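Work through the exercises below with the model open. Each task is followed by a solution in steps.

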Amino acid sequence: MFLSTPMKSLGHCLHLLMSMQNFMDRKISFIEIIIKVLMVSRPCDENGVFLSPGTLPPPLVERPADDWTPFRNRIEFEAAEFLFCKDQMSASHIDTLLDLWAATLAKHDDHPPFANHRDLYQTIDSIPLGDVPWQNFAVKFCGDKPDVNIPPWMNGSYDVWFRDPREVVRNMLANPMYADEMDYQPYREYASATNERQWKDFMSADWAWDQADEISNDPDTVGATFVPVILGSDKTTVSVGTGNNEYYPLYLSIGNVRNNVRGAHRDAIAVIGFLAMPKTARVHAEDPKFRKFRCQLFHSSLSKILQPLKAGMTKPKVARFGDGHFRRVVYGLGPYIADYEEQVLLGCIVKHWCARCLASRLNLDDDALDRCREYVDALVEEGTLLEIWDDYGIVGDIVPFTNDFPRADINRLIAPDLLHQLIKGAFKDHLVDWVEKYLLLTHGKREAQRIMDDIDRRIAAGFKQWTGDDSKALMKVYLPAIEGHLPQDIARAFRALLEFCYLVRRNIITEKTLTEIQDALARFHHYCEAFRDAGVVPTFSLPRQHSLKHYIQLIRLFGAPNGLCSSITESKHIKAVKEPWRRSSRFNALGQMLRTNQRLDKLAALRVDFTRRNMLSGTCLSAVVMALHIAPPNGSNANVLDVDEGHNDSEVDDESTVLQADVQLALTPPELNITHLPNLLRQFLFEQKHPNDTRDVSEVSEFHFPHYDGGISVFNSASSRFYSPSDLSGIGGMRTEYICACPQWRNGHARNDCVFVSTKPELEGMQGFDIARVLFIQWFNTVGDSPDEDTGMWIVRPAYRANHSPHMSIIHIDSIYRAAHLIPVYGTQFVSHDLKYYQSYDSFRAYYVNKNVKVGSEDGAVLGDEGCMLDA
């Protein structure tokens, strides 16, 4: 149903009211949402003339379904993709494989898909799609030079490599895989019952709305589509011991694609440049001229690279979209993804100041005005460079690249950074380090080391996947590990920060969530005083910790922060920088890396085209079998889950989004030999036949239990598929996790995981679930009616029957939601040196239920997507 209402000074607005059941790709909820849309995007023809409503997009120039150009068939394409993209085989190994392949085919007078690696590379290079060639320009120092002893950097020439960002953006807009995962205009969402606003994807927030409002003042932009350009950059090291090779990639995405697409690390974020990194001898490293040149080189390079977009920032340009329609587009520079060091460079500020506000570096948490281009320009004009450096933290002789573009202000475009500000910053580099300092000050070195050793053992005992310097993993277990060794206020400071982190990581953030975020931040600041009172830290004026203060404002501006996190660009480092470098000869590696990236883009674009034309259904073998009308070879394409002992416990799932968790059994079940299993099975059958019987099964006479004489087998593994958009997930936000019940895990100890079992689906949060351990099912009882005050986690204990035997039963596998992670309640006791992590579920009386899980809740956000609201 369409409704129309007047909007205050925002032009025409469209209100769309729809049931969330018909809007599953946008939110997982069953409430009605009002969507207010600004700057309605209208399709046009290739000349920019608007089409009548309902006009179908112009047909693409279709090629025959068997046209695999430049490959001859599907086998050649998939072989090229496997060798170059998936296996990343070296040229010499490709030649060896093709020689062996040719040897097997010689007797059939046939030949392999490619003659050698050169033939393979030439075929990939001839792909007509996804080709945005690399270009370069050189930069030199043009300032005054000394008469003698000229520093080498002043005479150097610095190459910057880049691709036309306009063409990269046009390729993203035209990608048919994003057609249903793209927003064509800014909008605002409100719950119809309460008028509560919510933020999710980038175009649902205020910055895009305000930009569109400003753009719409120009009559030429009516009906255009606003395309925000999101940028990110970060230096990365590819080798330390062999020359300390560093590269400086520049990345680009667009705000129209939704967070789930960008977060799935697909081609919605692309490398568009490699920036220059001037280096000099240590004697010149601190020279103000060198430092200024290095900073201005960065900004001038960005300005030069982005110039092709500038004309389209004021006058609409026509571009084709993934749905087949042409639209008039207006570009705009959007948020910039960067860690703090990069923010200092971007914002032209002095280190230890904030890039977003004018708060003094001596007391960053004081209320202060936001930085803005007009205010900074006025300070630069009125004050001296030294005055604005000391008083405002401004580097006044550097011109930011945004000054060259309309509607752009770098200080207002700094994006939130969950990875470096919260996970690695406030949590690991601040609180975790402060704990060690507190223990040293309070207990002395020897006792502090003993306590820290016990904390390490608790972490190892409570988390089987501990990987050392993995800050995300550490967040999951650190709070229960320190409880009992530290004062209550310090434990509660950790709880407040963790709740803040999990709240801002939600996939959907409502006004209620913003209130909870503010409350968590206030509690964090309050309980952190314990560190200052103990003399651990003299000040909390730390830029990364201060950044927490801006998160509510940034969520309103840019939407859910998980769509703009630097973890997205850091993950892109692997595909765009590190893997291409490893494939190079190491000599003049950058040119080889650029060529590798270009070939990867071509193969990715061709796969999208073949997928759109329905040419990649099934597997290569199944397609050949179907074409030849023959039976498939034995053992091929088994449609079952095969879980071996080498698999990861969880993985990305690229299938479609579903609400409920789905559990699938593994392959090849062994026989089970447990003496009391028949009785449990009879109890289970009784419960299934008498679902309305309110008695506890232990109160029922065995005479009433059904008999079963058939065979029984057990599956040692199962996979649970569930919605988890805040973790590394597929494009639909789905993730697959494996649950194990193995008598010997990797030829060693037994492994019997814990799971969430849906027992009261009508209740919300943790109250709708019970915890159980899989062998069959060994139950846990929840302690109390609310989470623990200090940790915010629910506590459970192993359940026993009246005769003191463990409470075990058999349940439907469909009632399992996903794996649960329990952490022992250690108290003040030290953990034995002999305890192994696989013994922890048998060695303690009570356990915390890790909040870092996803369990469905009434607002559809899946418990904050990180389980922060298990006490809902």
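This is a predicted model: local features need pLDDT of at least 70, side-chain atom pairs count only at pLDDT 80 or more; totals for chains, interfaces and linings use all residues.

**Exercise 1.** State how many salt bridges the model holds.

Solution. A pair counts when a side-chain nitrogen of Lys or Arg is within 4 Å of a carboxyl oxygen of Asp or Glu. By this rule the count is 36 salt bridges.

**Exercise 2.** Decide whether Glu181 and Arg258 are buried or exposed, and find which parts of the chain their pair ties together.

Solution. Step 1: the two side chains form a salt bridge, with an N to O distance of 4.0 Å. Step 2: Glu181 sits in the loop between helix 5 (165–174) and strand 7 (187–191), and Arg258 in the loop between strand 12 (249–254) and helix 7 (259–263), so the pair links parts 77 residues apart in sequence. Step 3: both Glu181 and Arg258 are buried.

**Exercise 3.** Do the analysis for Asp220 and Lys315, which meet in a salt bridge.

Solution. Step 1: the N to O distance between the side chains of Asp220 and Lys315 is 3.0 Å. Step 2: Asp220 is in the loop between helix 6 (206–215) and strand 9 (225–233), while Lys315 is in the loop between helix 9 (288–310) and strand 14 (317–320); the pair therefore ties together parts 95 residues apart in sequence.

Terms used:
Residues are numbered from 1 along each chain as its sequence is written. Side-chain values use heavy atoms; hydrogens and water are left out. Helices (H or I, at least four residues) and strands (E, at least two) are DSSP runs, numbered from the N terminus. Buried means under 20% relative accessible area, exposed over 50%, partly exposed in between (1.4 Å probe, protein chains only).
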